[in-house]
Amino acid sequence: MSNDNNTDIKDCCGAFAEIGSIIHPDDTELSFPIRFDSQLAVDAKRSELEAYVDEQFDEAVTINFTAQDEHAYLVTLSFTCTAEKMIFEMNLRHLLA
């Protein structure tokens with residue numbers, strides 16, 4: 001793989017991807033903030049994400065919800081490879097709907 005980075009940003013259906021970006025093999029962790037109205041909603045989203053990753057990925061994916069305040073959490077997923085992380089990211093918008 002070349003170290004050149006000819007980034008071209010493409011937009012499709014409200015999502016974007018940087019075409020030509022370098023993919024680092026150790027880039028396996030994804031974190032994003034999310035807000036919930038109740039602990040019940042937190043538990044439901046955690047169950048939904050766990051079911052999704054169990055169905056989609058052969059290797060184990062670790063999911064952590066860290067409270068930031070009463071209703072905000074930082075969700076962190078640790079994948080075994082960068083490709084799995086990228087696949088999950090492409091579906092993230094639909095998973096959080």
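## Salt bridges

A search across the whole structure, which is a predicted model, turns up three salt bridges. The term stands for a side-chain nitrogen of Lys or Arg within 4 Å of a carboxyl oxygen of Asp or Glu. As background, side chains of opposite charge can pair when their charged atoms come close.

Let us begin with K85 and D27, whose side chains meet at 2.7 Å, N to O. This pair links distant parts of the chain, 58 residues apart: K85 sits in helix α2, while D27 belongs to the loop between β2 (15-19) and β3 (29-35). Helices (H or I, at least four residues) and strands (E, at least two) are DSSP runs, numbered from the N terminus. K85 is buried at 8% relative accessibility, whereas D27 is partly exposed at 32%. Here buried means under 20% relative accessible area, exposed over 50%, and partly exposed in between, computed with a 1.4 Å probe on protein chains only.

## Two further charged pairs

R35 forms a salt bridge with D69, and their closest N and O atoms are 4.0 Å apart. Because R35 lies in strand β3 and D69 in the loop between β4 and β5, the pair ties together parts that are 34 residues apart in sequence. R35 is exposed, with 56% relative accessibility, and D69 is partly exposed at 44%.

What distance, N to O, separates the side chains of E48 and K45 in their salt bridge? The value is 3.1 Å. E48 and K45 are both in helix α1, three residues apart, so about one helical turn separates them. E48 is partly exposed, with a relative accessible area of 36%, while K45 is buried at 9%.

## Aromatic pairs

Rings of Phe, Tyr and Trp (its six-membered ring) pair if their centres lie within 6.5 Å; planes under 30 degrees apart count as stacked, over 60 as edge-to-face and the rest as tilted. By this rule the count comes to seven aromatic pairs. One of them joins F57 and F79 edge-to-face, at 5.7 Å centre to centre and 75° between the planes. F57 is buried at 6% relative accessible area, and F79 is buried at 5%.

F79 also pairs with F88 in a tilted arrangement, 5.5 Å centre to centre with 50° between the planes. F88 is buried, with 0% relative accessibility. Ring pairs link Y52, F57, F79 and F88 into a cluster.

## Confidence and conventions

How confident is the predictor? The mean pLDDT (the predictor's confidence in each residue, from 0 to 100) is 80 for the protein chain, and 77% of its residues reach 70 or more. Over residues 1-5 pLDDT stays under 50, and the model has nine contacts (heavy atoms within 4.5 Å) for them beyond four places in sequence.

Residues are numbered from 1 along each chain as its sequence is written, and side-chain values use heavy atoms, leaving out hydrogens and water. In this predicted model, local features need pLDDT of at least 70 and side-chain atom pairs count only at pLDDT 80 or more, while totals for chains, interfaces and linings use all residues.
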